[in-house]
Amino acid sequence: MAKTHWRSMVDSDWLRSCDLGEATPTVTIESVEAGNLVFRGGKPIKKPVLRFVGKTKPLAIGATIGKVLETMYGKHVEGWVGKRVTLYVTTTQAQGGETVDCIRVKNVKPAER
């Protein structure tokens, strides 16, 4: 029986690890755009934002996912559009040393459809 993470009951416009749970979906990148986000403490930060075909929530990415996508599909974001990626949940060290869940992209190209 699937269990419900409490964070999944809090509104968010962004794709979060609690939205994936234990799933490892393979999705197609629909677009990549520059996003202006507000980080903790109100600090603005610019990050690439991935939108996926058939999905409503975008994923803001940092250097870790960006480097994986560069390895698989090149350094120019225009080359990422239409490409398939597999998402998964893992953990990372947040600022302040706290271990938190995060979304990553597997460094393996999924089969083309």
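## The nonpolar core

The largest nonpolar core here has 18 residues, and those with the most contacts inside it are Phe52, Leu59, Leu69, Val85, Leu87 and Val105. A nonpolar core is a set of buried Ala, Val, Leu, Ile, Met, Phe, Trp, Tyr and Cys residues joined through side-chain atoms within 4.5 Å; buried means under 20% relative accessible area, exposed over 50%, and partly exposed in between, with a 1.4 Å probe and protein chains only. Two or more core residues come from each of strand S1 (26-38), strand S2 (44-52), helix H2 (63-73), strand S4 (84-93) and strand S5 (99-105). H2 gives the largest share, five residues. In soluble globular proteins, nonpolar side chains tend to be buried together.

Take Leu69: leaving out residues up to four places away in sequence, Leu69 touches Ile29, Leu50, Ile61, Gly74, Trp80, Val85 and Val105. Contact means heavy atoms within 4.5 Å.

## What kind of model this is

This is a predicted model: local features need pLDDT of at least 70, side-chain atom pairs count only at pLDDT 80 or more, and totals for chains, interfaces and linings use all residues. Residues are numbered from 1 along each chain as its sequence is written, and side-chain values use heavy atoms, with hydrogens and water left out.

## Overall layout

Along the sequence the pattern runs α-β-β-β-α-β-β, with two helices and five strands in the chain. These are DSSP runs (helices H or I, at least four residues; strands E, at least two), numbered from the N terminus. The radius of gyration is 14 Å, close to the 13 Å that the globule rule gives for 113 residues, so the chain is as compact as a globular protein of that length. That radius is taken over C-alpha atoms, and the rule is 2.2 Å times the number of residues to the power 0.38.

The C-alpha trace spans about 40 × 35 × 25 Å along its principal axes, and 31% of the 113 residues count as buried. Of the contacts with a separation of 6 or more, 47% are between residues 24 or more positions apart.

Asp101 sits in strand S5 and counts as partly exposed at 45% relative accessibility. Neighbours within four places aside, Asp101 is in contact with Ser17, Val89, Thr90 and Thr91. The C-alpha atoms of Asp101 and Cys18 are separated by 8.3 Å, though the two are 83 residues apart along the chain.

Gly21 lies in the loop between helix H1 (17-20) and S1. Gly21 is partly exposed too, with a relative accessible area of 40%.
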